[in-house]
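Please consider the model shown here, together with its sequence.

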Amino acid sequence: MTFATLGLIEPLQRALETLGYQTPTPVQAQAIPAVLAGRDLMAAAQTGTGKTAAFAVPLLQLLTMEGPKVAANSARALILCPTRELAEQVHASVAEYAQHLPLTTYAVYGGVSINPQMMKLRKGVDVLVATPGRLIDLFRQNALKLNQLQTLVLDEADRMLDLGFSEELANIYRMLPKKRQTLLFSATFSDEIRTLAGQMLNDPMSIEVSPRNVAANTVKQWVVPVDKKRKPELFVHLMRKGRWKQVLVFAKTRNGVDALVDKLQGLGINADGIHGDKPQATRQRALDRFKSSDVQILVATDVAARGLDIEDLPLVVNFDLPIVAEDYIHRIGRTGRAGNTGEAISLVCADEVNMLSAIEMLTRQTLTRHMEQDFEPEHRVPDTDASGQVVKKPKKPKKPKASGGGGKRNLGKWVDSGEVAPAEPSIKPVRKVPVFNTGPRKKK
Ligand code: AMP
């Protein structure tokens, strides 16, 4: 199959050829004809499957072939993305696909001044890529009208809900013309996403290109148990031992990102960080420098790193496990792309055992553990497996303190000098661990 057989016009074929796209990916092969035929779409496809071209290319063709010229302060197609970085990335791809077409494209997002965006919208743009909050601001300030909109794309819809954008999406829904084509792309399909699809889509065609919630099998994954306080030290040790060259590291919080970057920079390691508190320009610069290998270690929060396309990334390190198990799949999806092999290493402390268990349950696999010499944790990480069970081993009974010692006294179970309270049962009952936090998260 070729892009020509899918019915694409010559200027688009030429643009794709320049980009080195020879054959359509599975999601493109299914989505392109359906979008050209005017269908609504509900597509389960992760980043790395070629989903951006799957919606953008046919959308550009429809805009070129039909419809009036764009009016002032209007957009003919709107692509909604969860984060600024993704909006930039999607816009860069759209602009490349549209390079031989007489269409205008633009991206708007928060964290930067709104005025230049308002100026740019005056003449109208054919394809507008936007994050939800900024889109609403522009609409409320009358910088943007949506009555000419013919196509709406919801990219990474699950992530938009995770980030707490459901209210914004409901507001945007009320701003849209009734007659339009809607394309919804999501890595996963929760009940919430299905409800959203039920409201926004009209008789959609369903496309699923990768099995649900299964992590890429080209990624070698393993876990190193370690005490929380020793994680930075272990990271540096593994980095030196493995001679890591380019690593994307995920930390749970903004402070966590800053602390690790400071530590690494203090050791003379070429590291930078991205998270939601940093200005957009700084985030983009760090990302560009990482992509061009000017920065060796990029430490990021999930929000900042979602959906980023970084070619041939060999290694992802989870400095902390993600709070939402599905984020694990997105994180490790940054490596092992387009048939390459990759590696994903997670540094896991005892506090994170429930998160580990939820990840193993979701990915239906027990992650291999590797104990690093001299970093064996004092606080043992209980055993877990893909059934979602956490097996707690018995605590060792403490030795009695010599009587008359100056240490802490009568803590817990010691009854009298030399006498031990009854031992705990040898194995604690096995506990079923729920997949936590499946509901929407508060906006960060
Ligand atoms: P996406 O899933 O849209 O983020 O795309 C992932 C990567 O695959 C991007 O670097 C695209 O440029 C690339 N890509 C998309 N479609 C094709 C194709 N048909 N052939 C080769 N590369 C592609």
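Predicted model: local features only at pLDDT ≥ 70, side-chain atom pairs only at ≥ 80, totals over all residues.

Residues are numbered from 1 along each chain as its sequence is written, and side-chain values use heavy atoms, with hydrogens and water left out. Helices (H or I, at least four residues) and strands (E, at least two) are DSSP runs, numbered from the N terminus.

Two packed helices are described by the angle between their axes and the distance between the axes. Here axes are lines fitted to C-alpha atoms, for helices over the stretch in contact, and angles run from 0 to 180 degrees between N-to-C directions. Angles under 35 degrees count as roughly parallel, over 145 as roughly antiparallel, 65 to 115 as roughly perpendicular and the rest as oblique.

Helix 2 (residues 26–36) and helix 3 have axes that come within 8 Å and cross at roughly 25°; the two helices are therefore roughly parallel to each other. In the contact (heavy atoms within 4.5 Å), V27, Q28, A31, I32, V35 and L36 of helix 2 meet K51, A53, A54, P58, L59, Q61 and L62 of helix 3. These residues divide into 10 nonpolar, two polar and one charged, where Ala, Val, Leu, Ile, Met, Phe, Trp, Tyr, Cys and Pro count as nonpolar, Asp, Glu, Lys and Arg as charged, and the others, Gly among them, as polar.

Within helix 2, the buried residues are V27, Q28, A29, A31, I32, A34 and V35. Buried means under 20% relative accessible area, exposed over 50%, and partly exposed in between (1.4 Å probe, protein chains only). Their cover includes strand 1 (41–44), helix 3, strand 6 (181–186) and strand 7 (205–208). After helix 2 comes G38, which has a positive phi near 90°.

Helix 3 (residues 51–65) also packs against helix 4 (residues 84–97): the axes come within 10 Å and cross at roughly 45°, and the pair is therefore oblique. On the helix 3 side, T52, A53, F55, A56, V57 and L60 meet V90, S93, V94 and Y97 of helix 4. By class, this contact has eight nonpolar, two polar and no charged residues.

Strand 2 (residues 75–80) has six of its six residues buried, so it is largely enclosed by the rest of the structure. Two strands pair if DSSP finds at least two bridges between them. Strand 2 pairs in the parallel sense with strand 4 (residues 125–130) over five bridges, and four bridges join strand 2 to strand 5 (residues 151–154), also in parallel. A77 stands opposite V127 in strand 4 and opposite T151 in strand 5.

L169 lies in helix 8 (residues 166–175) and is buried, with a relative accessible area of 2%. Not counting residues up to four places away in sequence, L169 touches L80, L154, M160, L161, L196 and M200.

Strand 10 pairs with strand 11 (residues 297–300) over four bridges, with D272 opposite L298.
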